[in-house]
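Let's take a look inside a protein together. Have the sequence and the 3D view ready, and follow along as we go.

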Amino acid sequence: MKLSRQFTVFGSAIFCVVVFSLYLMLDHIDHSKNPNGERIQKGQLGILQDKIDHLERLLAENNEIIGNIRDSVINLRETVKDGKMFPEGNMSQGDLELLPPAPALLPIHSEDCQFAARTYSKAADGVQMLDVYDLLSFDNPDGGVWKQGFDISYQDNEWDNEPLQVFVVPHSHNDPGWLKTFDDYYRDQTQHILNNMVVKLHEDSRRKMIWSEISYFSKWWDNIDEQKRDAVRRLIESGQLEVATGGWVMPDEANTHYFALIDQLVEGHQWLERNLGVKPKTGWAVDPFGHTPTQAYLLRQAGLSNMLIQRVHYSVKKHFASQKTLEFFWRQNWDQDSSSDILCHMMPFYSYDVPHTCGPDPKICCQFDFKRLPGGRISCPWRIPPQAITDNNVQERAQTLLDQYRKKSKLFRTNVLLAPLGDDFRYTEAVEWDQQFENYQKLFDYMNSHPELHVQAQFGTISDYFEALRKSTGMDPVGMNVGQLALPVLSGDFFTYADRDDHYWSGYFTSRPFYKRLDRVLESHLRAAEVLYSLTLANIQKYGQPNDYPAVDNYKLLTEARRNLGLFQHHDAITGTGKDWVVVDYGTRLLVVYNPTEQARMSMVTVYVTTPKVRVLNAVGHVVRAQVSAVWNDVSHAAADLSFVAQAAPLGLSVYQLMEGMEPRTEAAKYMILQDGRQISISELEHFQQFYQQDAAPVHIENPHLKLSISTATGLLEKMSLKEDDSEHLIKVEFVWYGTTSNKDKSGAYLFLPDKEATIYSPSQPPVVRVTKGPLFSEVTTTFTHITHTLRLYNIQGVEGQSVEICNTVDIRGETNHEIAMRITSDLNSKDRFFTDLNGYQVQPRKTLAKLPLQANFYPMTSMVYLQDSSARLSLLTAQSLGAASLKSGQLEVIMDRRLNQDDNRGLGQGVLDNKITANSFRLLLEKRSSAEEESAPYSYPSILSHMSYMYLNHPLISMAVSQRSESPSLTPYSPLSASFPCDMHLVNLRAIQSKVRGGPSEQAALILHRKGFDCGFSNRNTALLCTTTRGKVHLEKLLTDLKLKSITPVSLSLMHTYNSDADPQEISLKPMEIRTYRLQLS
Ligand SMILES: [Zn+2]
């Protein structure tokens, strides 16, 4: 049994890395083809098993990385014999000896409160998406040939003075895994596309092509010879081939966390810099299912000037087309000037395939997709096939196509027109290149040689298009200066996407929550490994390299983990498992605890021990208070969960020792079990006592901050009291079911199409309610047929004690066409307004609209959802991306899992039936508001406490059991920083940069910092935070304990551009919400 547990433990830690690929296969989301369009072959489940085995091996590698890195850091410390650990004077008695005492009030500089508190003023020519949603009726009239639009007409003489300039941009969308695996797609399609590209672009210098997925490109690059590489370099230099975006993948934009969005962008851009010297200028995102301003911000910070998006609600597209606002400067909601602006083109029609890109009529445009010529494998669903261009038909064909170009052009403000030419995995065969390029060239030649047509048509890259657009508006080529023909400024996001009718893509916010959780675990582990690895390298540079430290091998593993994580961010991939836990038995008595957060911290650590008689000692030999709890699937044995409050310096390693033996400071938890409101006595509960209370009374659990009142009959929360002012709030937890509609189109992996409002979950069996009371935490665990629901309160003064931990383990494998949600009903008067985050980076205010169907009111929740009234805010912080809504005032709802029998006709060809038992984790935080923000502002910010609680939830202390061998040196704590980072400053990553010559690391690292925006308008209660705010300033040299700052240079987000700065490089200064990267060398 021990072995299998151990396997589970390592499995869960390790699982992170691997899971990326599961997504590749399991979870691809497709591109809605037109209703009659081509069908992609069905997923082959048979190949999955092998792949999963392979993935598990990869996972094992990831765990090894962290283990190796941890060992080397520890060993290095020993070699160096540097005793500077925690600052002296803090080694006093008791449990709190390791950290400085926390101030009673959160010390926030008043200037740091101004950002969130400013009054909102809209840009002059501004489009605010919240206003657009208020304005639109969301009706869906038949628009004629452009079904979701309107008739477009023009005058023949409109281009007489200034000809229409058409850029036909050949592209091929290569999903890194969907119906096939990454490797299979590469073997069967992608490598042929790229090989043919080299040949076919060289045949004619007028031909162009864009490429965006570096995951594929780098694999191909590794497989081609130097001659072909030179040919590629020439194509890039001549401008025939352009790398657009240049990320590792084209990421999903709803469920992804900004850590991962940045990481995959850096990985792609770093690869480009090392191998091609290319700096992408333009973003290209044709397939993500809705778009986030976070990605716009990241691209801008990476130095890109332009971007393109495609999957936006059809009503929004139609409205923008009528207003000619499909091209705009995308500005962040929180931006006070124009510093975040990026020029954005929104594609107007239904899809990015050829039928929906030349103009409004797909029946006509399809005739200009020459891959569909008669006799080929695909045809036009509108039944009019393309004709090869000949001298006989060229005039008619050119005029027909030009008519579409002109109509499309009427939706934009300039005479420059973009016409993408491609689809998924296009240009695989040489003949397809010939068909497209030769026929189009004939059309262009005809158009360009007839001045009376007033058109200049050509192949182009996406940056060719933007360059011409900028020129025609008088803008400079890269800057954001508005020219003589101003484009509007837009703020807000493009969720929730609908491609037709009431088909809202809110299902994929939740689909396969297991992987969504696993993704967050992987991100947290990768970040921890990155930071430790960079610190290790710096130590090596300072003190010399120990012989046995595998710096290059570890770097290769890290690179693999980064790329796996990158692939996982592809527009479908994303993950999770339960708590990270470690088996401690007689062989492993030392516990190293790593604090991945950049502030000093006290948090609960729980490990599995083989005896409840155990004593916990900290690094200075003091006994630490501990709690042992029963392991419920094994109550008769001596095993137990051991919990204690570990303290760790920022980014530091603490060491704890576990000794067998009776210890009064280790207390056993007490239990009460109830069913149907009556207490049940458990006989075999050998090492633990039971307690009793009056049957009918609600159960109470409490800590210094909170008191919860829980029904004995249902085991669910009913009331929550804040001890700071003795206020009691009605806060009720329930579970609810959704079914799926009886219409032809039903819910699937992407779409949420519920039958009606949710019905309350009422299981036939009354649940078993288990109450745990102990010195360090108390909890109530309620077991229903489909859910095990746990509410836990930590008895900790400080962050961990301020919120309620909620864990729902969901198993709906026995159901069909059901979705299960957690609903929290409060007495807050929030009306129709609530807030969800975007990518864990920013908060987007939402409004529940009665004119929209229920499923349209669900939004992605990557890190949190909250609602508020003038006196309180209720936040649900999450450890996995899920779909969330507030369908009634005071109510929050989160879909937790979905099991669906059928495909939703978006190309996947299967339902969602591979559900796994999934543990969803949350923190519920109730805060008193002391100053109400302006209700109409299009931005909102979490409190510092909320930010910190989120960090604790998603970056738990990492505990690692270490075998204590007599020959190994004794372990001591490690503390790389002399103080916490400011409370609002987040170390996104400290990422070792790859050496240009070898596969290993260089001496430099990328320091990525984010200054969070936060709202001060909350009660300044004792949050016991061990940090303060500093108006965005960090003096790195002063923060480091014994490492020195050898050099620091400000660079763009992905290190493509180096900025010259007059400012003191020692002092880093960030504006609120800003993300900055520095090239750093420590020694
Ligand atoms: Zn795709």
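## A strand under cover

First, a heads-up: this is a predicted model. Let's start with strand 41, which runs over residues 918–928. Is this strand mostly covered or mostly open? Mostly covered: 10 of its 11 residues are buried. Buried here means a residue has under 20% relative accessible area.

## Its partners

Which way does strand 41 pair with strand 32? Strand 32 (residues 804–810) pairs with strand 41 in the antiparallel sense, over 7 bridges. To find a spot in this pairing, look for V804, which stands opposite L924 of strand 41.

Strand 38 (residues 872–878) pairs with strand 41 too, in the antiparallel sense and over 7 bridges. Here you can pick out L877, sitting opposite R923 in strand 41.

## Empty space inside

Now for the gaps. Rolling a probe the size of a water molecule over the atoms shows where empty space is left. Searching the whole structure turns up 15 cavities of 30 Å³ or more. The largest cavity holds about 220 Å³ of space. It is lined by 21 residues, and those closest to its centre are G840, Y841, S863, H947 and K1012.

## What lines the largest cavity

Strand 35 (842–847) and helix 17 (944–954) each give at least two residues to this lining. Helix 17 has the largest share, with 3 residues. What kinds of residues make up the lining? There are 9 nonpolar, 10 polar and 2 charged ones.

How values were computed. Residues are numbered from 1 along each chain as its sequence is written. This is a predicted model: local features need pLDDT of at least 70, side-chain atom pairs count only at pLDDT 80 or more; totals for chains, interfaces and linings use all residues. Side-chain values use heavy atoms; hydrogens and water are left out. Buried means under 20% relative accessible area, exposed over 50%, partly exposed in between (1.4 Å probe, protein chains only). Helices (H or I, at least four residues) and strands (E, at least two) are DSSP runs, numbered from the N terminus. Two strands pair if DSSP finds at least two bridges between them. On a 1 Å grid over the protein atoms alone, a cavity is a set of points where a 1.4 Å probe fits but cannot get out, and a pocket is an open set with protein on both sides within 12 Å along at least five of seven lines; lining residues have an atom within 4 Å of a point. Grid points are joined across faces, edges and corners, and a volume is the space filled by probe spheres set on the points. Ala, Val, Leu, Ile, Met, Phe, Trp, Tyr, Cys and Pro count as nonpolar, Asp, Glu, Lys and Arg as charged, and the others, Gly among them, as polar.
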